[in-house]
Amino acid sequence: MGMKYRRYLAGERIYGCSKCKTHLATIHSMVSRAFNGQHGRAYLFDGVVNVVEGEPNDRQMTTGNHTVRDIYCVKCATVLGWKYDRAYEASQQYKEGKFILERNLLVDVQ
(Lines give C-alpha, C1' and ligand atoms only; values in the text may rest on other atoms or scores of the structure.)
Protein backbone atom coordinates (compact mmCIF):
# COMPACT_ATOMS: atom_id res chain seq x y z
CA MET A 1 0.00 0.00 0.00
CA GLY A 2 1.36 3.40 -0.98
CA MET A 3 1.43 6.65 0.93
CA LYS A 4 -1.79 8.61 1.30
CA TYR A 5 -1.50 12.26 0.44
CA ARG A 6 -3.91 14.69 2.02
CA ARG A 7 -5.11 17.92 0.46
CA TYR A 8 -4.91 21.12 2.45
CA LEU A 9 -7.58 23.72 1.89
CA ALA A 10 -7.34 27.50 2.04
CA GLY A 11 -10.12 29.94 2.75
CA GLU A 12 -12.07 31.84 5.37
CA ARG A 13 -13.49 28.82 7.20
CA ILE A 14 -12.25 25.26 6.91
CA TYR A 15 -13.98 22.27 8.46
CA GLY A 16 -11.85 19.35 9.59
CA CYS A 17 -12.16 15.95 11.24
CA SER A 18 -12.76 16.39 14.98
CA LYS A 19 -10.40 13.53 15.79
CA CYS A 20 -7.31 14.39 13.69
CA LYS A 21 -8.08 17.85 12.18
CA THR A 22 -7.63 16.65 8.58
CA HIS A 23 -9.11 19.23 6.21
CA LEU A 24 -12.48 18.20 4.72
CA ALA A 25 -14.36 21.18 3.25
CA THR A 26 -14.65 24.96 3.15
CA ILE A 27 -17.62 27.16 3.97
CA HIS A 28 -17.86 27.97 0.23
CA SER A 29 -18.70 24.38 -0.68
CA MET A 30 -21.55 24.25 1.85
CA VAL A 31 -25.01 24.01 0.26
CA SER A 32 -27.21 23.84 3.36
CA ARG A 33 -27.14 23.71 7.17
CA ALA A 34 -30.70 22.34 7.39
CA PHE A 35 -29.90 18.63 7.69
CA ASN A 36 -29.82 16.08 10.49
CA GLY A 37 -27.51 13.13 10.88
CA GLN A 38 -27.15 10.29 13.35
CA HIS A 39 -25.39 12.59 15.86
CA GLY A 40 -27.52 15.73 15.48
CA ARG A 41 -27.12 18.61 13.06
CA ALA A 42 -25.45 18.02 9.71
CA TYR A 43 -24.39 20.08 6.70
CA LEU A 44 -24.76 19.37 2.98
CA PHE A 45 -21.64 20.04 0.86
CA ASP A 46 -21.01 20.09 -2.90
CA GLY A 47 -17.63 18.48 -2.43
CA VAL A 48 -15.27 17.27 0.28
CA VAL A 49 -11.64 16.14 0.27
CA ASN A 50 -9.60 13.62 2.24
CA VAL A 51 -12.37 11.05 2.61
CA VAL A 52 -12.73 7.40 1.65
CA GLU A 53 -16.12 6.22 0.41
CA GLY A 54 -17.65 2.97 1.63
CA GLU A 55 -19.89 0.58 -0.29
CA PRO A 56 -23.28 1.83 -1.54
CA ASN A 57 -26.40 0.78 0.33
CA ASP A 58 -30.06 1.75 0.32
CA ARG A 59 -31.39 3.60 3.36
CA GLN A 60 -34.85 4.78 4.22
CA MET A 61 -34.45 8.35 5.49
CA THR A 62 -36.93 10.99 6.57
CA THR A 63 -36.97 12.38 3.02
CA GLY A 64 -37.41 9.01 1.31
CA ASN A 65 -35.31 6.14 0.03
CA HIS A 66 -31.71 6.93 -0.97
CA THR A 67 -28.62 5.02 -2.07
CA VAL A 68 -25.76 6.35 0.08
CA ARG A 69 -22.15 5.57 0.96
CA ASP A 70 -20.63 6.22 4.37
CA ILE A 71 -17.58 8.48 4.19
CA TYR A 72 -14.52 8.08 6.40
CA CYS A 73 -11.57 10.33 7.22
CA VAL A 74 -8.60 9.28 5.10
CA LYS A 75 -6.19 9.67 8.05
CA CYS A 76 -8.00 8.25 11.11
CA ALA A 77 -10.94 6.35 9.49
CA THR A 78 -13.60 8.12 11.61
CA VAL A 79 -17.06 7.96 10.02
CA LEU A 80 -17.93 11.58 9.17
CA GLY A 81 -21.23 11.29 7.30
CA TRP A 82 -22.32 9.98 3.93
CA LYS A 83 -22.47 10.67 0.20
CA TYR A 84 -25.74 10.56 -1.74
CA ASP A 85 -25.42 8.34 -4.82
CA ARG A 86 -29.10 8.26 -5.73
CA ALA A 87 -32.38 9.75 -4.56
CA TYR A 88 -35.47 7.83 -5.62
CA GLU A 89 -37.87 10.77 -5.27
CA ALA A 90 -37.66 13.50 -7.90
CA SER A 91 -37.82 16.28 -5.30
CA GLN A 92 -34.69 14.92 -3.59
CA GLN A 93 -32.48 14.41 -6.64
CA TYR A 94 -30.60 17.67 -6.01
CA LYS A 95 -28.71 15.72 -3.29
CA GLU A 96 -27.15 13.24 -5.72
CA GLY A 97 -23.36 13.46 -5.70
CA LYS A 98 -23.35 15.67 -2.60
CA PHE A 99 -22.01 14.95 0.88
CA ILE A 100 -23.37 15.14 4.42
CA LEU A 101 -20.88 15.96 7.18
CA GLU A 102 -22.16 15.72 10.75
CA ARG A 103 -21.46 18.87 12.79
CA ASN A 104 -20.53 16.96 15.97
CA LEU A 105 -17.78 15.17 14.04
CA LEU A 106 -16.24 18.40 12.68
CA VAL A 107 -13.97 21.12 14.03
CA ASP A 108 -13.15 24.55 12.64
CA VAL A 109 -9.56 24.24 11.50
CA GLN A 110 -9.24 27.87 10.45
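## Close-up views of a predicted model

**View 1. The lining of the largest pocket.** In this predicted model, the residues that line the largest pocket are Ala-34, Phe-35, Asn-36, Gln-60, Met-61, Thr-62, Thr-63, Trp-82, Tyr-84 and Lys-95. Two or more of the lining residues come from each of strand S3 (30–37), strand S6 (57–61) and S8, and it is S3 that gives the most, with three residues. Sorted by class, the lining of the largest pocket holds five nonpolar, four polar and one charged residues. The space within the largest pocket comes to about 180 Å³.

**View 2. Gln-92 in its loop.** Gln-92 sits in the loop that runs between strand S8 (79–87) and strand S9 (99–102). Is Gln-92 buried or exposed, given its relative accessibility of 13%? Gln-92 counts as buried, because a residue is called buried when its relative accessible area is under 20% and Gln-92 has a value of 13%. The side chain of Gln-92 is joined to the side chain of Lys-95 by a polar contact of 2.7 Å. When the neighbours within four places in sequence are left aside, Gln-92 is in contact with Thr-63, His-66 and Ala-87. Glu-53, by contrast, is 39 residues from Gln-92 in sequence, and the C-alpha atoms of these two residues are 21 Å apart in space.

**View 3. The largest nonpolar core and Phe-45.** The largest nonpolar core has 16 residues, and those that touch the most other members are Phe-45, Leu-80 and Leu-101. At least two residues of this core are supplied by each of strand S1 (14–17), S2, strand S4 (40–45), strand S7 (64–73) and S9. Which residues surround Phe-45, once its neighbours within four places in sequence are left aside? Phe-45 is then in contact with Tyr-15, Ala-25, Thr-26, Ser-29, Met-30, Val-31, Lys-98, Phe-99 and Leu-101. Another core, of eight residues, lies apart from the largest one, and among its members are Ala-42, Met-61, Val-68 and Tyr-84.

**View 4. Thr-26 in strand S2.** Thr-26 belongs to strand S2, which covers residues 23–26, and at 13% relative accessibility Thr-26 counts as buried. Not counting residues up to four places away in sequence, Thr-26 touches Leu-9, Ala-10, Arg-13, Ile-14, Tyr-15 and Phe-45.

**View 5. Thr-22 in the loop between S1 and S2.** Thr-22 is placed in the loop between S1 and S2, and its relative accessibility of 2% means that Thr-22 counts as buried. Apart from residues up to four places away in sequence, the residues touched by Thr-22 are Arg-6, Tyr-15, Gly-16, Cys-17, Asn-50, Cys-73 and Lys-75.

**View 6. Val-48 and Asn-50 in the loop between S4 and S5.** Val-48 is found in the loop between S4 and S5, and Asn-50 is found in the loop between S4 and strand S5 (51–53). Val-48 counts as buried at 15% relative accessibility, and Asn-50 counts as buried at 10%. With its neighbours within four places in sequence left aside, Val-48 is in contact with Leu-24, Ala-25, Phe-99 and Leu-101. Val-48 and Lys-83 are 35 residues apart along the chain, and their C-alpha atoms are separated by 9.8 Å. The backbone of Asn-50 also deserves attention, for its phi is positive, at about 60 degrees, although Asn-50 is not a glycine. Most residues other than glycine have a negative phi.

**View 7. Ala-77 in the loop between S7 and S8.** Ala-77, in the loop between S7 and S8, is a residue other than glycine that has a positive phi, near 65 degrees. Is Ala-77 buried or exposed? Ala-77 is exposed, because its relative accessible area is 51% and the word is used for values over 50%.

**View 8. Gly-81 in strand S8.** Gly-81 lies in strand S8 and, at 2% relative accessibility, counts as buried. Leaving out residues up to four places away in sequence, Gly-81 touches Arg-69, Asp-70, Ile-71, Ile-100 and Glu-102.

Definitions and conventions: Residues numbered from 1 in each chain as written. Predicted model: local features only at pLDDT ≥ 70, side-chain atom pairs only at ≥ 80, totals over all residues. Heavy atoms only, no water. Helix = DSSP H or I, 4+ residues; strand = E, 2+ residues; numbered from the N terminus. Buried < 20%, exposed > 50% of the residue type's maximum accessible area, 1.4 Å probe, protein only. Contact = heavy atoms within 4.5 Å. Polar contact = N/O pair within 3.5 Å; in protein donor to acceptor, adjacent residues only side chain to side chain. Core = buried A, V, L, I, M, F, W, Y, C linked by side-chain atoms within 4.5 Å. 1 Å grid on protein atoms, 1.4 Å probe; cavity = no way out; pocket = protein on both sides within 12 Å on 5 of 7 lines; lining within 4 Å. Points joined across faces, edges and corners; volume = space filled by probe spheres on them. Nonpolar A, V, L, I, M, F, W, Y, C, P; charged D, E, K, R; others polar.
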